[in-house]
Amino acid sequence: NRGGSMIAIKNERELQAMRQACKITAAARALAGEMVRPGVSTQQIDKAVHDFIVAQGAKPSFLGYHGYPASVCISINNTVIHGIPGGYVLQEGDIVSIDVGAFYQGFHGDCAATFPCGAISTQAQKLIDVTKQSFFEGIRFATRGHRVSDISHAIQTYVESNGFSVVRSFVGHGVGAQLHEEPEVPNYGSPGRGPRLLPGMTLAIEPMINEGTYEVAWLDDDWTVVTDDGALSAHYENTFVITDGEPIILTRPLED
Ligand code: MF3
Ligand code: CO
């Protein structure tokens with residue numbers, strides 16, 4: 001507890017566990033992404049990811065979280081987040097957001113990405129690319145002494161300059177012994193607000209970006225969040241640690 005902040009500063013032992021948890025989480029996302037192709041059902045992906053995480057000696061962070069019934073969130077096309085895997089069979093042209101967490105040695109990793117299923121439209125690919133790049137625009141400000149909303153502002157500016165909109169109803173967050181810790185990390189807002197960033201803070205930045213309106217709605221299952229106008233949505237997230245220098249992405253995709 002520094003200066004009244006309740007944001008956990010992880011020590012080296014805790015960071016070592018975070019690195020392990022996040023490595024498993026990133027590998028789970030990659031595994032899910034490789035399964036995205038026409039004819040595969042979302043519950044097949046969920047089962048494969050569940051079995052992978054368990055085989056690593058970890059636990060799926062989302063399974064049972066506030067009653068969530070699966071190990072992965074799979075959110076297709078107009079679904080923003082928290083899509084529940086089931087009988088839906090992926091089709092050519094779908095965009096498929098995969099969000100996954102793993103709990104290992106007392107700590108969580110959390111990451112997401114949107115994958116194309118076969119050939120997708122140019123506009124859908126642009127949405128995926130802008131969403132991913134907005135994460136990297138935001139993390140440029142994730143350095144000691146910046147404030148949380150410096151990240152938020154950078155994401156919003158980049159996204160809106162590309163003609164897309166930032167979902168307001170959900171935010172990034174601290175991540176550690178709990179899946180969701182302080183602080184909240186919105187993907188929009190004025191710079192210069194919120195807590196100052198300090199080395200040892202572990203955060204997840206996770207822009208959820210819509211093709212049309214930023215407004216969202218809930219399906220009757222009380223989980224699935226969809227765009228209010230039915231247009232496409234994409235998601236990208238990594239867990240990272242603030243350092244004395246550049247932030248270090250802990251759920252690093254293998255190809256980056
Ligand atoms: N993955 C979400 C996040 O990034 C949380 C998932 S909620 C759950 O914060 F219920 F699906 F687990
Ligand atoms: Co998250």
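Trainee: What should I know about the numbering and the model before I start?
Mentor: Residues are numbered from 1 along each chain as its sequence is written, while chains are lettered from A and ligands numbered from 1 in the order in which they are written. The model is predicted, so local features need pLDDT of at least 70, side-chain atom pairs count only at pLDDT 80 or more, and totals for chains, interfaces and linings use all residues; side-chain values use heavy atoms, with hydrogens and water left out.

Trainee: Which way do the side chains of strand E9 point, and are they buried or exposed?
Mentor: In a regular strand the side chains alternate between the two faces of the sheet. In strand E9 (residues 202-205), Thr-202 and Ala-204 point one way and Leu-203 and Ile-205 the other. All of them are buried, where buried means under 20% relative accessible area, exposed over 50%, and partly exposed in between, with a 1.4 Å probe and protein chains only. Strands (E, at least two residues) and helices (H or I, at least four) are DSSP runs numbered from the N terminus.

Trainee: What is the strand order in the sheet of five strands?
Mentor: Strands of a sheet pair through backbone hydrogen bonds, either parallel or antiparallel. Here the open sheet runs E8-E7-E9-E14-E15, with antiparallel pairing; two strands pair if DSSP finds at least two bridges between them. Strands E8 (181-185) and E15 (248-249) are at the edges with a single partner strand each, so one side of each has no neighbour in the sheet.

Trainee: Over how many bridges does E9 pair with E7 and with E14?
Mentor: Strand E7 (residues 172-174) pairs with E9 over two bridges, and E9 pairs with strand E14 (residues 238-241) over four. On the E14 side, the partner of Ile-205 is Asn-238.

Trainee: Which strands form the edges of the sheet of three strands?
Mentor: That open sheet has the order E6-E10-E13, with antiparallel pairing. Its edge strands are E6 (165-166) and E13 (233-235), each pairing on one side only. E6 joins strand E10 (residues 208-210) over two bridges, and Ser-165 stands opposite Asn-210.

Trainee: Where is Ser-134, and is it buried or exposed?
Mentor: Ser-134 belongs to helix H3 (residues 122-139) and is buried, at 0% relative accessible area. A polar atom of its side chain lies 2.7 Å from the backbone oxygen of Thr-131. Ile-128 is in helix H3 too, and at 11% relative accessibility it counts as buried.

Trainee: What is the volume of the largest pocket?
Mentor: The volume is about 410 Å³. Of the 22 lining residues, those closest to the centre are Tyr-65, His-82, Phe-170, His-180 and Glu-206. A pocket is found on a 1 Å grid over the protein atoms alone, as an open set of points for a 1.4 Å probe with protein on both sides within 12 Å along at least five of seven lines, and lining residues have an atom within 4 Å of a point.

Trainee: Which residues are around ligand 1?
Mentor: Among them are Tyr-65, His-82, Asp-99, His-173, Glu-206 and Glu-237, where near means a heavy atom within 4 Å. A nitrogen atom of ligand 1 is 2.6 Å from a side-chain N or O atom of Asp-99. One of its oxygen atoms is 2.8 Å from a side-chain N or O atom of Glu-206, and a polar side-chain atom of Glu-237 lies 3.1 Å from an oxygen atom of ligand 1.

Key
Grid points are joined across faces, edges and corners, and a volume is the space filled by probe spheres set on the points. A polar contact is a pair of N or O atoms within 3.5 Å; within protein, one must be able to donate a hydrogen and the other to accept it, and residues adjacent in sequence count only if both atoms are side-chain atoms.
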